[in-house]
Amino acid sequence: MKLVIDESRCKGCNLCVLVCPYGIFREGTELNSRGIVAPVLDRPERCTNCRLQALYGRMLCGVCHMICPDQAISWVEEKPFEPHKVEVEF
Amino acid sequence: MIAPDWFREDRLPHIYCTGCGNGTIINCTLAAVEEMGWKRDETVFVSGIGCSSRAPGYILTDSLHTTHGRALAFATGVKMARPDLHVVVFTGDGDLAAIGGNHFIHACRRNVDMTVICMNNHIYGMTGGQGSPTTPPGAISSTTPYGASEPAFDLAELAVAAGANYVARWTSYHVKELTKAVAAGMQTPGLSFIEARTQCPTNYGRHNKLRSVSAMIEHLRSHAILVAKRDRLVAEGKPIPEGAFTVGELVRRNRPAMGVQR
Ligand SMILES: Cc1ncc(C[n+]2csc(CCOP(=O)(O)OP(=O)(O)O)c2C)c(N)n1
Ligand code: SF4
Ligand code: SF4
Ligand code: SF4
Ligand SMILES: [Mg+2]
């Protein structure tokens with residue numbers, strides 16, 4: 001699964017930056033076409049949910065998705081399969 | 001997004017300001033509704049007036065966006081006429097405790113079978129930041145420019161005293177706990193009241209040295225103490241930290257309820 005931010009909804013509040021235990025969201029620096037500075041993703045394949053959602057058949061962690069007041073965070077299927085090298089720091 | 005089957009996606013993005021916690025509380029409520037397995041045509045959302053009360057407009061069920069302070073009166077009517085429906089009320093601190101204060105205590109006393117979620121941002125957000133009955137002493141608002149001088153209501157304790165069957169309090173930072181509390185409230189017959197303290201960066205934070213959304217969230221997080229911890233402090237005779245508020249389940253009981261389908 002792949003983590004995506006829907007830039008047509010995100011208002012750039014950076015609550016996701018605050019809550020992600022892996023620091024996957026980073027404060028952005030550039031204005032998008034809506035005049036909003038959306039966060040950028042730093043190696044999103046490290047996210048628990050990206051790695052294990054399909055295996056467990058349910059949402060794991062998901063706090064970013066839950067706290068995002070603008071319903072802008074979701075996971076999409078990767079097709080065709082895109083292999084990743086995943087390094088997880090503990 | 002959470003609960004895509006329940007959001008009116010064509011209405012998004014919603015009108016809430018950047019970093020407003022109301023959107024988070026809608027997420028938690030809809031996650032709880034999904035957990036309950038309710039059907040859309042058996043669920044009604046009711047609200048009064050305010051930023052918080054716009055929530056049902058983003059949800060794909062029948063809803064009533066009523067008059068200021070009267071959400072609980074309309075919701076009681078819905079439940080009495082159609083006890084087979086699940087009734088969920090979204091309200092604000094002004095809507096519930098100022099103009100709607102009387103409806104609040106009497107709905108709790110009657111213990112009408114519904115779930116009431118109050119987005120308590122300690123201010124009248126929609127109309128430009130006037131003080132509400134939950135504005136903490138000392139806080140600056142447009143009607144308290146020298147700092148609020150009145151004591152504030154503790155909404156959850158008020159609901160306990162007035163007779164609601166389930167009462168809990170969390171914040172927009174505690175997303176998992178809030179979702180669990182809403183679901184527990186939905187399972188409890190009788191009135192369930194969940195106070196969700198939330199951030200209004202535009203009309204509260206800006207005037208109270210909490211300019212950023214993260215500062216507001218940090219304030220909520222650091223001032224929340226678990227009910228068990230409060231009880232321990234009281235038992236040990238230790239002082240409760242200044243400005244702290246309890247979070248967790250305050251009551252779950254079985255008083256006679258109104259509108260429960262037999
Ligand atoms: C009878 C009546 N009086 C006053 C108003 C103006 N009014 C609209 S919203 C509001 C306050 C809302 O505060 P709250 O319920 O805390 O909601 P918030 O916007 O903070 O979420 C007021 C006073 C009104 N719409 N109707
Ligand atoms: S689901 Fe958890 S780990 Fe994954 S991006 Fe969101 S907050 Fe980070
Ligand atoms: S929490 Fe949502 S709206 Fe806020 S910055 Fe992150 S993606 Fe954007
Ligand atoms: S004024 Fe406050 S409560 Fe209303 S949408 Fe803006 S941040 Fe939210
Ligand atoms: Mg308010």
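Is A:Asn32 buried or exposed?

A: A:Asn32 is buried, because its relative accessible area is 18% and buried means under 20% (exposed is over 50%, partly exposed in between; 1.4 Å probe, protein chains only). The model is predicted, so local features need pLDDT of at least 70 and side-chain atom pairs pLDDT 80 or more, while totals for chains, interfaces and linings use all residues. Residues are numbered from 1 along each chain as its sequence is written, chains are lettered from A and ligands numbered from 1 in the order in which they are written, and side-chain values use heavy atoms, without hydrogens and water.

Start with the setting of A:Asn32. The residue sits in the loop between β2 (25-26) and β3 (40-41) of chain A. Helices (H or I, at least four residues) and strands (E, at least two) are DSSP runs, numbered from the N terminus. Leaving aside residues up to four places away in sequence, A:Asn32 touches A:Glu7 and A:Ala38. Contact here means heavy atoms within 4.5 Å.

Two polar links involve the side chain of A:Asn32. With the side chain of A:Glu7 there is a polar contact of 2.8 Å. A polar atom of the A:Asn32 side chain also lies 2.9 Å from the backbone nitrogen of A:Arg34. The rule for a polar contact is a pair of N or O atoms within 3.5 Å; within protein, one must be able to donate a hydrogen and the other to accept it, and residues adjacent in sequence count only if both atoms are side-chain atoms.

Next, A:Arg9. This arginine is buried, at 9% relative accessibility. Its side chain meets that of A:Asp6 in a salt bridge (3.9 Å, N to O). A:Asp6 is partly exposed, with a relative accessible area of 28%. A salt bridge is a side-chain nitrogen of Lys or Arg within 4 Å of a carboxyl oxygen of Asp or Glu. A:Arg9 also reaches across to the other chain: it meets B:Glu9 in a salt bridge at 2.7 Å, N to O. The rule finds 1 salt bridge across the interface of chain A and chain B. In polar contact across that interface are 13 residue pairs, both residues at pLDDT 80 or more.

What makes up the chain A side? The elements that give two or more residues to it are α1 (15-19), α3 (63-67) and β4 (73-76) of chain A. α3(A) gives the largest share, 4 residues. By type, this side divides into 11 nonpolar, 5 polar and 4 charged residues. Ala, Val, Leu, Ile, Met, Phe, Trp, Tyr, Cys and Pro count as nonpolar, Asp, Glu, Lys and Arg as charged, and the others, Gly among them, as polar.

Now the interface as a whole. In contact are 20 residues of chain A and 27 residues of chain B. Together the chains bury about 1,800 Å², with 62% of it on carbon and sulfur atoms. Buried area is the accessible area (1.4 Å probe) that two parts lose on being put together, summed over both.

Chain B holds a metal site. The magnesium ion (ligand 5) is coordinated by B:Asp93 (OD), B:Asn121 (OD1) and B:Ile123 (O), at 2.0 to 2.2 Å. Donors are N, O and S atoms within 2.8 Å of the metal (3.2 Å for Na, K and Ca); water is not among the atoms, so sites may look incomplete. In sequence the donor residues are spaced D-x27-N-x1-I. B:Asp93 lies in helix α3 (residues 93-98) of chain B and B:Asn121 in the loop between β4 (115-120) and α5 (155-162) of chain B, so the pair ties together parts that are 28 residues apart in sequence. B:Asp93 and B:Asn121 are both buried.

Another loop of chain B, between α6 (175-187) and β6 (192-197), holds B:Pro189. B:Pro189 is partly exposed, at 41% relative accessibility. Not counting residues up to four places away in sequence, it touches B:Asp113, B:Asn165, B:Ala257 and B:Val260. B:Gly259 is 70 residues from B:Pro189 in sequence, yet 9.0 Å away in space, C-alpha to C-alpha.

Back to charge pairs. The count over all chains comes to 16 salt bridges. One of them joins B:Arg82 and B:Asp84, with the closest N and O atoms 2.9 Å apart. B:Arg82 is partly exposed at 42%, and B:Asp84 is partly exposed at 33%. Another joins B:Glu249 and B:Arg252, with 3.0 Å between the closest N and O atoms. In chain A, salt bridges that share partners join A:Arg26, A:Asp42, A:Arg43 and A:Arg46 into one network.
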